[in-house]
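Visitor: I would like to learn how to read a few features of a structure. Where do we begin?

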Amino acid sequence: MIKIGITGGIGCGKSTVCRLFAQKGVGVYDSDREARRLMNTDPALRDAIAKRFGEAIYRSGELDRKTLAEKVFADSEALKDLNALVHPVVMHDFEEWAERQEGNYVLLESAILFEAGLQDRVDHTIVVMAPESLRIKRAAKRDGCSEETIRRRIAAQMPEEELAKRAGQVIVNIKEEDLEGAVNYLHHLYEMEAGKASLNKQ
């Protein structure tokens with residue numbers, strides 16, 4: 001099973017790209033969504049988070065994500081500690097999930113693929129990029145945030161230039177109708193690689 005990591009900054013449209021891959025029958029693991037699930041459902045992870053951030057971080061059995069976000073974004077050490085607790089559990093869940101998939105390759109969608117060192121856990125990487133003005137427009141429409149808030153989020157993320165340097169493949173997302181060609185090309189590429197790998201095992 002070939003594993004592809006896909007990332008990109010806020011408003012770049014990586015979820016749109018992932019949806020196009022999913023329409024081809026490719027399994028997509030949304031690590032941000034699954035992390036939220038695991039922080040609520042994995043007993044060992046819940047205990048570790050409560051021990052680090054206090055029992056009150058869980059209210060009525062559910063993680064108080066707003067309070068946790070306030071804690072970790074105000075303290076870089078706290079964010080580092082949270083990532084150190086969550087990422088191993090998420091990656092273990094991803095590996096188990098990937099084993100259950102029937103396709104030739106899967107996607108690991110992560111907003112912090114390189115920041116978290118997850119590129120070492122996949123075979124190839126894709127970065128989705130878009131002009132900053134377009135990213136701001138998209139994020140404002142989606143999240144209902146101010147331009148200033150979105151600019152702060154962009155400033156806190158790895159610059160696109162750095163992401164592009166580290167990526168195996170780059171998709172520029174300006175118009176959705178132009179994405180299909182890029183997704184078709186990469187799908188064909190990964191299917192061919194998977195086919196060759198299968199032949200070599202025989």
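This is a predicted model: local features need pLDDT of at least 70, side-chain atom pairs count only at pLDDT 80 or more; totals for chains, interfaces and linings use all residues.

Visitor: What span should the 25 residues of α5 have, and how far apart are its end C-alpha atoms?

Guide: The expected span is 1.5 Å times one less than the number of residues. For helix α5, residues 76-100, that gives 36 Å, and the end C-alpha atoms are 36 Å apart, so the two agree.

Visitor: Which residue caps the N-terminal end of α5?

Guide: Asp75 does, through a side-chain oxygen that lies 3.0 Å from the backbone nitrogen of Glu77.

Visitor: Which residues of α5 are buried, and what covers them?

Guide: Buried means under 20% relative accessible area. In α5 the buried residues are Ala78, Leu82, Val86, His87, Val90, Met91, Asp93, Phe94, Trp97 and Ala98. Their cover includes the strands β1 (2-7), β2 (27-30) and β5 (105-109), together with the helices α2 (31-41), α3 (43-53) and α4 (65-73).

Visitor: Take Ser31 in helix α2. Is Ser31 buried or exposed?

Guide: Its relative accessible area is 6%, so Ser31 is buried. The Ser31 side chain reaches the backbone oxygen of Glu109 at 2.7 Å. Leaving aside neighbours within four places in sequence, Ser31 is in contact with Val90, Leu108, Glu109 and Ser110; of these, Val90 is one of the buried residues of α5.

Visitor: Why does Thr125 count as buried, and what does its side chain reach?

Guide: Thr125, in strand β6 (residues 124-129), has 8% relative accessibility and therefore counts as buried. Its side chain reaches the backbone nitrogen of Gly168 at 2.9 Å. Beyond four places in sequence, the residues Thr125 touches include Gly5, Leu113, Phe114 and Arg166.

Visitor: Where is Ser60, and what is its phi?

Guide: Ser60 is in the loop between β3 (58-59) and β4 (62-63). Its phi is positive, about 55 degrees, although Ser60 is not a glycine. At 80% relative accessibility, Ser60 counts as exposed because the cut-off is over 50%.

Visitor: How does one look for empty space?

Guide: Rolling a probe the size of a water molecule over the atoms shows where empty space is left. Here a search of the whole structure finds one cavity of 30 Å³ or more. The largest cavity holds about 30 Å³ of space, and its lining is formed by Thr7, Gly8, Gly9, Ala111, Glu115, Gln157, Met158 and Leu163.

Key:
Residues are numbered from 1 along each chain as its sequence is written. Side-chain values use heavy atoms; hydrogens and water are left out. Helices (H or I, at least four residues) and strands (E, at least two) are DSSP runs, numbered from the N terminus. Buried means under 20% relative accessible area, exposed over 50%, partly exposed in between (1.4 Å probe, protein chains only). Contact means heavy atoms within 4.5 Å. A polar contact is a pair of N or O atoms within 3.5 Å; within protein, one must be able to donate a hydrogen and the other to accept it, and residues adjacent in sequence count only if both atoms are side-chain atoms. On a 1 Å grid over the protein atoms alone, a cavity is a set of points where a 1.4 Å probe fits but cannot get out, and a pocket is an open set with protein on both sides within 12 Å along at least five of seven lines; lining residues have an atom within 4 Å of a point. Grid points are joined across faces, edges and corners, and a volume is the space filled by probe spheres set on the points.
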